[in-house]
Amino acid sequence: MSTQDTPVSSNFIRQIIAEDRHNNKHNGRVATRFPPEPNGYLHIGHAKSICLNFGMAIENNGSCNLRFDDTNPEKESIEYMEAIQRDVQWLGFSWDNLCHASDYFEQLYAYAVQLIEQGLAYVDSLSADEIRAYRGSLTEAGKESPDRSRSVAENLDLFARMRAGEFNDGDYVLRAKIDMAAPNINMRDPAIYRIRRVHHQRTGNAWCIYPMYDYTHCLSDALENITHSLCTLEFEDHRPLYDWVLTQLNTPSHPQQIEFARLQLEYTIVSKRKLNQLVIENHVHGWDDPRMPTLAGLRRAGFTPKAIKDFCERIGLTKQNSWIEMGVLEYCIREDLNENALRAMAVLQPLRVVITNYPETQCERLCLSNHPQRPELGHREVPFARVILIEQDDFAELPPPKYKRLTLGGEVRLRGAYVIRCDEVIKNEQGQVIELRCTFDEATLGKNPEGRKVKGVIHWVAQDYSYPAEIRLYHRLFTVPHPDNEENFLSVLNPNSLEVLSDCRVEESLVAASSEQRFQFERTGYFCLDAVEASQERLIFNRTVTLRDGWVKE
RNA sequence: UGGGUCGUCGCCAAGCGGUAAGGCACGGGGUUUUGAUCUCCGCAUACCAAGGUUCGAAUCCUUGCGACCCAGCCA
């Protein structure tokens with residue numbers, strides 16, 4: 001599926017599927033699957049695959065399964081399975097069937113027995129090291145294992161005993177008998193079953209042998225009657241093995257594997273192993289840390305499913321290794337939030353301003369629009385009083401060229417309120433500006449002053465009618481665009497990726513913000529009420545992304 | 001002198017023999033009580049290179065060059 005506003009462009013997989021339907025291949029049916037291993041949280045790279053697989057199914061009136069590739073219990077867990085389902089649903093997709101490779105273990109075992117009977121698989125007693133040595137190298141053919149000629153009867157017996165738990169881990173493996181001289185190393189008698197006495201999150205202790213990916217994946221696809229098995233480029237070399245297994249066995253179908261380039265996003269990483277390391281070693285505060293490129297992290301930062309799906313459509317789909325600039329993702333979330341987030345005012349680094357000609361005890365409740373371009377989104381009341389707070393950055397004693405905000409003796413518009421003039425700057429002993437004394441022009445509420453132009457507009461809150469909040473600003477997690485190229489990716493972690501501002505003040509209306517609700521704090525960016533740590537008593541907003549800043553500073 | 005894959009604008013990406021779409025980024029103009037949004041304009045005589053086929057080539061052929069992936073009992 002694609003969002004309605006993103007034009008759908010042609011890509012090679014769309015073309016293949018369209019052609020297959022035209023030729024009535026698979027009776028015109030389209031069935032895909034998203035097959036994560038439950039060994040970590042889903043990240044933005046998975047989103048590309050999710051959008052592709054579910055998208056092709058939706059576009060073609062087909063089906064898409066969520067299938068857990070759970071054949072390596074050592075690294076997998078229920079927590080990850082649950083998180084993955086949550087994230088896929090959050091993105092807005094529904095699977096046709098929830099599947100697990102482990103559901104096919106019995107069937108897979110039976111197929112392996114068939115392979116043995118056909119003389120196409122054998123039990124090998126070589127150690128892992130020996131198998132590696134026998135495999136040859138990129139330029140030299142491998143050697144055949146002495147066990148390659150084991151009789152069918154003996155193989156059958158040994159394989160049954162592997163399953164029965166008669167051997168220790170590593171004593172034996174079941175190998176496909178293909179070709180030790182094959183130029184494609186994946187075809188040099190790959191292992192298809194190994195012994196692992198590990199408790200499996202779903203099958204418990206029922207098995208002590210587990211099938212390998214290459215053997216499991218193609219058969220799982222075939223058993224689910226998948227038509228197009230979409231995966232990333234690194235599996236290209238595995239396709240001959242995928243097809244070999246399905247050709248030898250009499251399976252319900254023979255899906256077509258098609259490979260595409262995985263997403264690489266600048267200034268971040270999408271390796272589950274490395275993301276896991278960031279979590280384990282506490283470089284971030286969990287898988288859902290807003291700095292993480294995980295779906296859980298992006299969600300907590302305030303990204304929307306719509307923006308992420310839009311992003312996945314915009315970046316295209318090819319077989320070219322490429323790096324996407326952060327700007328594309330930022331554009332997508334800004335586009336969505338600009339249209340849909342309510343506006344509000346928050347002062348991140350307050351500077352006290354006393355409006356000397358404003359009555360001491362007066363408080364006006366000004367009416368501000370929730371969205372300048374969408375009046376149907378309503379308006380709200382914002383209290384205005386004698387003492388207000390503005391952003392420290394919005395005042396400059398020595399303004400740089402083209403500065404449009406407040407200066408000593410200068411005027412500025414308070415957003416939705418009056419024009420004020422700064423008459424006096426008050427400093428502490430260290431010379432820091434701690435207060436501004438200003439006067440307001442009563443005639444400028446809702447209209448421009450006469451005879452002069454005020455070019456600047458700044459946001460504000462009334463000191464006594466605002467609320468304290470913590471605001472977390474997130475910066476890129478890494479200091480270089482391609483952290484993966486680094487010898488040690490941790491060495492290029494950005495030490496300042498999290499900036500916590502604890503003295504912020506937000507307008508009254510934000511007290512009613514709901515969990516995960518997103519806002520535009522005018523002039524500063526898009527923010528989201530933190531879903532984990534915020535409460536009625538403690539307002540915490542996460543910055544999703546800044547506003548575009550077209551101001552060229554000198 | 002192993003195998004597989006890929007080379008079109010700073011970053012993505014259409015193009016499928018008829019004379020280089022689009023998006024992001026960037027530069028400039030206009031509107032604006034957000035330096036936002038919106039809007040207008042600009043942005044590859046050129047498709048890794050060199051040959052060849054053709055009336056015509058980014059598209060076909062040849063030869064180079066460059067990049068990525070593969071030697072887990074991981075996926």
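This is a predicted model: local features need pLDDT of at least 70, side-chain atom pairs count only at pLDDT 80 or more; totals for chains, interfaces and linings use all residues.

Q: Let's start with the helices. How do the axes of H4 and H6 cross, and at what angle?
A: The axes of helix H4 (residues 105-117) and helix H6 (residues 152-164) come within 9 Å, and they cross at roughly 160°.

Q: Okay, are H4 and H6 roughly parallel or antiparallel to each other, then?
A: Angles over 145 degrees count as roughly antiparallel, and H4 and H6 are therefore roughly antiparallel to each other.

Q: And is the crossing of H4 and H6 left-handed or right-handed?
A: For H4 and H6 the crossing is right-handed.

Q: Which residues make the contact?
A: On the H4 side they are Glu106, Tyr109, Ala112, Val113, Ile116 and Glu117. H6 brings Val152, Asn155, Leu156, Phe159, Ala160 and Arg163.

Q: How do the residues of that contact divide into nonpolar, polar and charged?
A: Between H4 and H6 there are eight nonpolar residues, one polar residue and three charged ones.

Q: Switching to strands now. Why is E21 largely enclosed by the rest of the structure?
A: Strand E21 covers residues 466-474, and seven of its nine residues are buried, so the rest of the structure largely encloses it. Buried here means under 20% relative accessible area.

Q: In which sense does E21 pair with E22, and over how many bridges?
A: E21 pairs with strand E22 (residues 498-507) in the antiparallel sense, over eight bridges. To find one of them on screen, look for Tyr467, whose bridge partner in E22 is Val506.

Q: What about E21 and E25, parallel or antiparallel?
A: E21 and strand E25 (residues 540-546) pair in the parallel sense, over three bridges. There, Ile471 has Phe541 of E25 as its bridge partner.

Q: One last topic, the loop between H1 and E1. What is phi for Asn24 there?
A: Asn24 is in the loop between helix H1 (12-22) and strand E1 (31-34). Its phi is positive, about 60°, although Asn24 is not a glycine.

Q: What about phi of His26?
A: His26 lies in the loop between H1 and E1 too. Phi of His26 is near 50°, again a positive value in a residue other than glycine.

Q: How accessible are Asn24 and His26?
A: Asn24 has a relative accessible area of 46% and is partly exposed. His26 also counts as partly exposed, at 21% relative accessibility.

Conventions. Residues are numbered from 1 along each chain as its sequence is written. Chains are lettered from A and ligands numbered from 1 in the order in which they are written. Side-chain values use heavy atoms; hydrogens and water are left out. Axes are lines fitted to C-alpha atoms, for helices over the stretch in contact, and angles run from 0 to 180 degrees between N-to-C directions. Helices (H or I, at least four residues) and strands (E, at least two) are DSSP runs, numbered from the N terminus. Angles under 35 degrees count as roughly parallel, over 145 as roughly antiparallel, 65 to 115 as roughly perpendicular and the rest as oblique. A crossing is left-handed if the near helix is turned anticlockwise from the far one by less than a right angle, and right-handed if clockwise. Contact means heavy atoms within 4.5 Å. Ala, Val, Leu, Ile, Met, Phe, Trp, Tyr, Cys and Pro count as nonpolar, Asp, Glu, Lys and Arg as charged, and the others, Gly among them, as polar. Buried means under 20% relative accessible area, exposed over 50%, partly exposed in between (1.4 Å probe, protein chains only). Two strands pair if DSSP finds at least two bridges between them.
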